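Have the structure open as you read.

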Amino acid sequence: MSRPDRTTDLLLLAGKVIAIFMQGAMALGAIALLIAAVGLAVGHDSIQAELLADKAYADVVLPLFPIFSVMLIGFGIVTALFIFFGRLRAIINTVGEGDPFVPANAERLSLMAWLILGVHGLALAAAPFAIELARFAERVGEDANIAIDSGFDLSGILLVIILFILARVFRHGAEMREDLEGTV
């Protein structure tokens, strides 16, 4: 049985391009967070001194723990998403090769589900720190208008469930294929 040529499949090409772009964006986000964290660690004394120099902010203390916490959580999120898009690229490659029902894809889909679940858990964990930063911004900013949205996301939970189900489908498909190859 001949396999169709998937090297010119526009959907697979679009999927690869988007996954590569998103991995690049996550890598840039991680680098930006690391640079910001180092900058804050080095320069927090001068930032605090500038706050203290202004009489209006003399009692305001730079909330380092919430800032670093949000940065660390953000780093965890972009790292998880970087891995997510890498696994997606690997699945797209197996589809392009004409052989998607392999056990590795079932494992990739399971990992992708766990990663998205972790991203949602990390976003919830960031909420208290983000609220503290919003309070700080209101104290120092005249026009502080900060919205924090880290509530329950049904679409994210639905994605996790779909990925776990697809992992089972791929695992079962790989087993059926192995059984079929064993009988031929």
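Which residues of H1 are buried? Keep in mind that this is a predicted model. The buried set of H1 runs Leu-12, Gly-15, Ala-19, Gln-23, Met-26, Ala-30, Ala-37, Leu-40, Gly-43, Gln-48 and Leu-51. As for what sits over them, the cover includes helix H2 (64-96) and helix H3 (103-140).

Now follow H1 itself, which spans residues 10-53.

Next, turn to the surface. Phe-101, Leu-158, Ile-161, Ile-162, Ile-165, Leu-166 and Val-169 make up a nonpolar patch there, and together they have about 580 Å² of accessible area. Pick out Leu-158, which belongs to helix H4 (residues 154-183). Is Leu-158 buried, exposed or partly exposed? Its relative accessibility is 48%, so Leu-158 counts as partly exposed; the cut-off for exposed is over 50%.

Finally, zoom out. The chain has four helices and zero strands, giving the pattern α-α-α-α along the sequence. Of its 184 residues, 31% are buried. Take the contacts between residues at least 6 apart in sequence: 78% of them join residues at least 24 apart. The chain's accessible surface is about 11800 Å², and carbon and sulfur atoms account for 69% of that.

Terms used: Residues numbered from 1 in each chain as written. Predicted model: local features only at pLDDT ≥ 70, side-chain atom pairs only at ≥ 80, totals over all residues. Heavy atoms only, no water. Bend = angle between axes of the 7 residues up to and from the residue. Helix = DSSP H or I, 4+ residues; strand = E, 2+ residues; numbered from the N terminus. Buried < 20%, exposed > 50% of the residue type's maximum accessible area, 1.4 Å probe, protein only. Contact = heavy atoms within 4.5 Å. Patch = residues over 30% accessible without salt bridge, like charges linked within 9 Å, V, L, I, M, F, W, Y side chains within 5 Å. Areas by Shrake-Rupley, 256 points an atom, 1.4 Å probe, with all protein chains shown as cover. Salt bridge = Lys/Arg side-chain N within 4 Å of Asp/Glu carboxyl O.
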